[in-house]
Protein chains: 2
Amino acid sequence: MSKFTFYERISRAFRDNPQLSRVLIVSTISGGGLVAFSSASPFPVAHADSPAHGSPKKKVVVLGTGWAATSFLKNLKSSSYEVEVVSPRNYFAFTPLLPSVTNGTVDARSIVEPIRNIVNKRGPRCEFREAECYKIDAAKKKVYCKSTQVSNLGGKEEFSIDYDYLIIAVGARSNTFNTPGVEENCHFLKEVEDAQRIRRNVIDCFERASLPSVSDDEKRRILHFVVVGGGPTGVEFAAELHDFAIEDLAELYPSVKDLVKITLLEAGDHILNMFDKRITAFAEEKFQRDNIHVKTGSMVVKVSEKDISTKERSTGQTVSLPYGMVVWSTGIGTRPFVMEFMKQMGQTNRRVLATDEWLRVEGSDSIYAVGDCATINQRKVMEDIAVIFDKADKSKSGKLNITDAKEVVTDICERYPQVELYLKKKKMKNIVDLLKNAQGDGRKHLDIEVFKSALGEVDSQMKNLPATAQVAAQQGQYLADCFNRMEECEKNPEGPLRFRGSGRHRFHPFRYKHFGQFAPLGGEQAAAQLPGDWVSIGRSTQWLWYSVYASKQVSWRTRFLVVTDWGKRFIFGRDSSGI
Amino acid sequence: MSKFTFYERISRAFRDNPQLSRVLIVSTISGGGLVAFSSASPFPVAHADSPAHGSPKKKVVVLGTGWAATSFLKNLKSSSYEVEVVSPRNYFAFTPLLPSVTNGTVDARSIVEPIRNIVNKRGPRCEFREAECYKIDAAKKKVYCKSTQVSNLGGKEEFSIDYDYLIIAVGARSNTFNTPGVEENCHFLKEVEDAQRIRRNVIDCFERASLPSVSDDEKRRILHFVVVGGGPTGVEFAAELHDFAIEDLAELYPSVKDLVKITLLEAGDHILNMFDKRITAFAEEKFQRDNIHVKTGSMVVKVSEKDISTKERSTGQTVSLPYGMVVWSTGIGTRPFVMEFMKQMGQTNRRVLATDEWLRVEGSDSIYAVGDCATINQRKVMEDIAVIFDKADKSKSGKLNITDAKEVVTDICERYPQVELYLKKKKMKNIVDLLKNAQGDGRKHLDIEVFKSALGEVDSQMKNLPATAQVAAQQGQYLADCFNRMEECEKNPEGPLRFRGSGRHRFHPFRYKHFGQFAPLGGEQAAAQLPGDWVSIGRSTQWLWYSVYASKQVSWRTRFLVVTDWGKRFIFGRDSSGI
């Protein structure tokens with residue numbers, strides 16, 4: 001084409017210069033009555049390091065395009081790598097909004113961003129392959145992949161990729177706990193496709209119940225929606241489904257609206273049991289008012305085509321509930337190929353892939369694992385207590401004075417995060433107080449026994465990190481930071497002292513910072529547990545939720561789309577076509 | 001819930017009062033830089049007739065939720081009916097935008113509106129059943145339906161519905177002309193799901209071609225997109241695909257962008273052959289510039305998994321093209337259950353269900369057929385010429401004078417639309433001129449032979465109406481008007497004289513009014529053929545297209561969504577995630 005026209009020039013200007021579209025969106029959004037607040041720039045201004053001349057670039061293979069992988073890719077700046085991403089999904093999905101997608105509040109395409117758009121354009125060269133990894137060979141430093149497409153494009157293409165560093169960020173799968181019938185009859189809520197399927201199924205149920213030949217009993221069964229699992233996802237889904245049914249579907253399906261029933265099954269004593277008691281109580285009360293049946297102490301033992309059987313803890317009996325649709329949202333499990341890999345790495349007796357505090361897979365120097373597919377196997381202080389004492393006792397006298405101890409205190413705290421948590425719990429300022437406490441008055445020196453007893457309780461504070469987007473994103477960012485400064489820190493290690501061995505660790509270990517967690521409860525109400533045990537419940541929390549979720553979007557595009565979707569829902573209600 | 005909060009009150013105000021949201025949208029849209037112009041109110045202000053007291057309401061069953069059915073339902077005002085709609089799709093889709101959906105310019109959900117929202121709320125009571133009609137029993141006045149769902153909801157529910165009036169508006173299916181392999185290997189573009197599937201498949205092809213193990217030849221094959229059929233849909237799809245590939249995908253898939261090839265196969269001599277020659281020439285030239293390969297005189301004879309075979313008219317040879325994806329968009333065919341029904345009605349030797357000029361299925365008084373599933377079997381003047389003459393010749397003298405003829409002229413024109421077209425072609429004002437012409441000078445009377453010769457050529461102007469949304473919508477509206485005034489016109493018939501029989505026809509026959517047709521050609525260019533043979537080509541036509549398509553949306557909701565989608569595309573480009 002010869003010349004760019006006005007239209008093309010404007011359109012190109014927008015797309016080449018994201019700042020411009022940002023300005024337009026903010027003005028459009030404010031025109032529409034909503035302002036999206038962004039806490040952090042989503043376009044990190046990165047300046048690539050100068051590539052290491054002479055030495056060939058290291059090949060980094062990333063498996064996955066979820067929170068951890070995407071956060072890693074966005075933050076990787078060093079151009080001394082060549083990156084290859086392998087994932088069956090060519091997009092990043094903002095998973096916390098999946099429950100909203102199930103009910104049409106937010107459109108599926110508003111929460112996804114093609115991974116090729118996300119990759120840090122000023123960072124290293126990055127290739128994406130839409131395929132699934134099915135085997136890792138740690139000895140040969142190779143991953144084996146196959147394409148997931150099954151069309152005329154020619155069966156399942158297979159290939160292998162060599163790596164220098166491998167980053168496993170494949171997430172987890174839903175855990176059925178081997179309950180019979182779950183795989184066949186339940187919906188899960190992990191992928192965007194799941195959410196779309198659930199949405200169609202809800203509408204299907206309403207349509208089915210509107211057919212003239214269906215008996216009233218059968219209508220009641222079809223319109224009985226069961227949610228298994230009282231965690232944040234299950235609770236949010238139940239709440240959204242209730243709003244959808246009451247606010248939108250009741251109007252369109254007046255003849256069946258009174259037959260709708262929503263049941264939430266939870267094996268424990270309470271729903272939202274990882275939250276503060278006040279939130280749990282508020283949620284349970286609200287659900288009771290909304291006529292969402294919460295059944296606690298109820299464990300699902302079998303799901304058949306039309307009935308779900310539960311064992312009631314209170315009575316010990318097995319109860320059978322006819323249902324129209326079940327959404328299964330309890331716990332996560334390890335993917336089969338990760339299980340295989342764990343055997344290879346000698347982690348046979350573990351349920352989840354274990355890494356050290358630097359997110360390196362135990363048993364390997366070049367493989368990292370981040371997000372839901374891995375767990376950090378924290379080192380116990382007690383395992384190392386002798387070498388710690390030895391390191392602190394410079395004079396090798398077998399006795400430690402407080403001044404000696406002070407020198408290793410920071411390193412201990414950094415190497416063993418549980419120490420800090422313990423001090424916090426005991427309301428002590430630092431480890432010196434702890435030692436002084438154990439030492440008793442008058443004595444100037446600590447021997448190994450006193451040292452042991454002082455730190456004896458510390459390991460009780462070890463906790464696994466929750467499987468949340470927040471943890472995964474922080475791990476991805478941490479790992480990218482490490483990779484960005486790999487060479488630099490090789491020369492000047494910045495981590496804590498190596499108690500077993502000499503010198504320091506290259507990097508600070510990963511430390512998770514909790515920014516709080518939301519539980520939307522429907523009817524424009526939400527609960528939030530914020531850092532410092534601050535609990536916030538109600539309508540204002542829902543608005544906080546809107547702001548935070550808008551600001552956390554991965555791109556300005558999805559931010560605009562999500563905010564527009566909320567606006568559309570506000571004006572037009574949720575869409576209830578079968579699309 | 002005790003009291004409505006501010007939020008709920010505002011939200012309800014919007015949804016109960018569509019005027020309000022209209023104001024908001026118009027202001028929002030104008031804020032965003034686009035003004036959607038609506039030529040006709042999409043909410044017809046209908047005042048229901050008072051129901052016929054005493055007499056039970058007549059049951060109208062409508063099959064389908066496409067253009068014809070939806071137009072009928074929107075315009076039906078008389079409350080003397082009870083309406084039941086049966087369709088496998090619980091929504092109306094704005095099908096002219098399907099090519100835009102295939103490339104993510106417009107979202108699938110932006111062009112659909114749940115049928116329950118569209119039904120004229122002030123009109124008769126209306127029930128919707130999501131099911132497929134599989135049999136019509138005209139003798140028992142019954143339709144047999146089955147649900148299309150196949151989940152745990154219990155097999156395929158079956159039921160039957162009695163009717164007083166049946167309206168068949170089920171549309172057509174794609175016509176494969178029994179070409180082997182088409183059903184299995186080609187994509188069609190008739191339903192929203194088709195468009196979504198095509199979109200995913202295009203992205204799949206690009207992903208597949210980006211895998212490291214795929215050879216260059218294979219990449220070329222995978223990225224060869226073939227469109228069969230040079231009609232408006234095929235041409236628009238090819239153009240949209242080209243824009244999508246050049247403007248959006250080329251940036252994301254730089255390594256394979258040069259391997260993309262688009263071929264448009266047309267069996268005739270030219271693409272867009274129902275349009276003016278200037279439009280055809282412009283389109284063919286533009287496609288050549290854009291590197292879209294147009295192959296005319298090329299008939300597809302077989303489609304295998306990876307190759308498409310065509311017979312070239314110029315050489316008579318069969319050529320085989322390796323392809324990655326084929327979209328089949330040539331012609332339409334009759335649905336199997338309509339075929340069955342045609343046999344029942346004695347229409348065995350026809351390809352399409354035939355109706356009379358009042359859209360009644362031939363052979364039945366209570367069954368109507370509208371839209372693509374039917375065709376109007378126009379009555380030939382020559383078949384009736386004797387009775388027409390007889391009716392005109394009041395004195396029964398066997399000779400007609402011009403004054404006698406004048407009385408029936410209006411009725412003839414109305415009853416036989418081909419007469420008007422013929423006059424137009426001959427540039428005559430009215431039929432009297434035609435008769436005078438045939439009569440020759442000097443003579444005062446016409447005999448039957450002169451009369452016959454005058455009208456002898458008229459039937460050559462009979463043409464089937466095109467299978468477009470415009471025709472279907474006008475037929476639906478016409479039929480609703482008839483139903484609204486059924487009782488009134490029973491008493492005071494308003495139609496033309498019955499030449500065979502006595503009295504007048506109840507209604508005016510259906511008359512199609514052509515408002516023009518668009519052919520978007522990509523790159524913000526479009527062609528339009530407007531009434532009066534006015535041809536408009538270029539960028540301004542594309543903007544006309546935007547305005548017309550925005551104004552023709554079925555609801556303010558979809559209008560807002562479609563315009564927003566265009567805006568989003570302008571700012572962010574098309575979405576290219578696999579969702």
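Residues are classed here as buried when their relative accessible area is under 20%, as exposed when it is over 50%, and as partly exposed in between, with a 1.4 Å probe and protein chains only. By this criterion, buried residues account for 56% of the 579 residues of chain A. The structure is a predicted model, in which local features need pLDDT of at least 70 and side-chain atom pairs count only at pLDDT 80 or more, whereas totals for chains, interfaces and linings use all residues. Residues are numbered from 1 along each chain as its sequence is written, chains are lettered from A in the order in which they are written, and side-chain values use heavy atoms, with hydrogens and water left out.

The secondary structure of chain A comprises 20 helices and 26 strands, taken as DSSP runs numbered from the N terminus, with helices (H or I) of at least four residues and strands (E) of at least two. Where contact denotes heavy atoms within 4.5 Å, 64% of the contacts in chain A between residues at least 6 apart in sequence join residues at least 24 apart. An unreviewed UniProt entry places the annotation "domain: EF-hand" on residues 380–415 of chain A; such annotations may be inferred rather than shown by experiment, and their positions are given in the numbering used here, with feature names shortened.

In chain B, helix 12 (residues 381–392) packs against helix 16 (residues 448–455) at an angle of about 145°, the axes being 10 Å apart; the axes are lines fitted to C-alpha atoms over the stretch in contact, and angles run from 0 to 180 degrees between N-to-C directions. The contact involves B:V381, B:M382, B:I385, B:A386, B:I388 and B:F389 of helix 12 of chain B, together with B:I448, B:F451, B:K452 and B:L455 of helix 16 of chain B. Of the residues in this contact, 9 are nonpolar, none is polar and 1 is charged, where Ala, Val, Leu, Ile, Met, Phe, Trp, Tyr, Cys and Pro count as nonpolar, Asp, Glu, Lys and Arg as charged, and the others, Gly among them, as polar.

Over all chains, the structure holds 76 salt bridges, each defined by a side-chain nitrogen of Lys or Arg within 4 Å of a carboxyl oxygen of Asp or Glu. One of them pairs A:R199 with A:D575, with the closest N and O atoms 3.5 Å apart. Because A:R199 lies in helix 7 (residues 192–209) of chain A and A:D575 in the segment after helix 20 (556–572) of chain A, the pair ties together parts that are 376 residues apart in sequence. A:R199 is buried at 3% relative accessibility, and A:D575 is also buried, at 6%. In chain B, a salt bridge joins B:D217 to B:R220 at 3.5 Å, N to O, and both residues lie in helix 8 (residues 216–222) of chain B, 3 residues apart, or about one turn of the helix. Here B:D217 is exposed, with a relative accessible area of 59%, while B:R220 is partly exposed at 42%. A network of salt bridges links A:K59, A:E82, A:E84, A:R125, A:E127 and A:R129.
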